[in-house]
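Trainee: I have a structure open and would like to go through it with you. Could we take it piece by piece?

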Amino acid sequence: MNPILKIFWLIYIIFIGLPLALLFTFLTAISTLIGCTIGDHKKWGYYPGMIWSRLMCAIIFSTVEVEGKENLEEGQSYVFAANHTSLYDIFIIYGFIGRSFKWVMKEEIRKIPFVGAACKAAGFIFINRKAMKQALHSVEEAKKTLTNGVSVVIFPEGTRTKTGETGKFKRGAFKIATEMNLPIVPVSISGAFNVFPTTRKYPIPGKLKMVIHKPIMLHEDPEHRDEQIEGIRQIVVDGIEKSEE
């Protein structure tokens, strides 16, 4: 982005983009909180967030391409495992994956006003990495909602990459899949790092793409699990590289 366009873009972000983003976030949190309290969490925990995510992409004039939806079976619950390079990974998945699901998220998000309460009402899974017993309890509670096509989304790297490269997938991230015998669906997200990396304070327009790969059942033998998880990571990496060609 050249210097003149950058100035106009920053003015837009400060006076239009950011206020709209905050407004949409507030309205989404409130509608999710109320809807999940009095209605079906499967619908109200998904649709407001889906609309919010699409609006967040539209605000910065970014397009989203989705490939591989035909790999998913209607009514089947999955564990979606995606790479994590940017805040916009969340918007891409939430807005365009087309499935009701629960996020696995950091305990700290619970403290964000309105957002934390909405996430709790929607049945999202909070993980406290410093208290494993509490984390395991959260997973056990979440299992009750992962039925009738309700899925879960994880970022197996644990945190956003600062380089754009896909990090190692942690074995613990796949605990729900192994205990509930759910298929893993590798998800490759490309373009989000260019749109909004952790090193920049504001997003810019860009082309975003999500590739949904074929489901994979984890091996029953724990001795082969690390090898299989690395294979899942490689599928994600290959999907990213192919999208960026």
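Trainee: Is K209 buried or exposed?

Mentor: At 15% relative accessibility, K209 counts as buried, where buried means under 20% relative accessible area, exposed means over 50%, and partly exposed lies in between, all with a 1.4 Å probe and protein chains only. Before we go on, please keep in mind that this is a predicted model, in which local features need pLDDT of at least 70 and side-chain atom pairs count only at pLDDT 80 or more, while totals for chains, interfaces and linings use all residues. Residues are numbered from 1 along each chain as its sequence is written, and side-chain values use heavy atoms, with hydrogens and water left out.

Trainee: Okay, and which side chain meets K209 in a salt bridge at 3.9 Å?

Mentor: That is the side chain of E65, with 3.9 Å from N to O; a salt bridge here is a side-chain nitrogen of Lys or Arg within 4 Å of a carboxyl oxygen of Asp or Glu. The pair links distant parts of the chain, since E65 sits in strand β1 (residues 63-67) and K209 in strand β7 (residues 207-212), 144 residues apart. Helices (H or I, at least four residues) and strands (E, at least two) are DSSP runs, numbered from the N terminus. E65 counts as partly exposed, at 43% relative accessibility.

Trainee: How many salt bridges does the structure hold?

Mentor: The structure holds 4 salt bridges. Another of them joins the side chains of E67 and K209, at 3.2 Å from N to O. That pair also links distant parts of the chain, with E67 in strand β1 and K209 in strand β7, 142 residues apart. E67 is partly exposed, with a relative accessible area of 34%.

Trainee: And what does D226 pair with?

Mentor: D226 forms a salt bridge with R171, and their closest N and O atoms are 3.5 Å apart. D226 lies in helix α9 (residues 225-243) and R171 in the loop between β5 (151-154) and α7 (175-180), so this pair ties together parts that are 55 residues apart in sequence. D226 is partly exposed at 45%, and R171 counts as partly exposed at 38% relative accessibility.

Trainee: Switching to helices, how do α1 and α3 pack?

Mentor: Helix α1 and helix α3 (residues 47-59) pack at an angle of about 180 degrees, with their axes 10 Å apart; the axes are lines fitted to C-alpha atoms, for helices over the stretch in contact, and angles run from 0 to 180 degrees between N-to-C directions. The two helices are therefore roughly antiparallel to each other, a label for angles over 145 degrees, while under 35 counts as roughly parallel, 65 to 115 as roughly perpendicular and the rest as oblique.

Trainee: Which residues meet there?

Mentor: Among them are W9, Y12 and F24 in α1, and W52, L55 and M56 in α3, with contact meaning heavy atoms within 4.5 Å.

Trainee: Where is I7, and is it buried or exposed?

Mentor: I7 is in helix α1, which covers residues 3-38, and it counts as exposed at 53% relative accessibility. I7 also belongs to a nonpolar surface patch with about 1,200 Å² of accessible area together, whose members include I4, F8 and F114.

Trainee: What about α4, why is that helix called largely enclosed?

Mentor: In helix α4 (residues 88-96), 8 of the 9 residues are buried, so it is largely enclosed by the rest of the structure. The buried residues include Y88, D89 and F91. Just after α4, G98 takes a positive phi of about 75 degrees.

Methods:
Patch = residues over 30% accessible without salt bridge, like charges linked within 9 Å, V, L, I, M, F, W, Y side chains within 5 Å. Areas by Shrake-Rupley, 256 points an atom, 1.4 Å probe, with all protein chains shown as cover.
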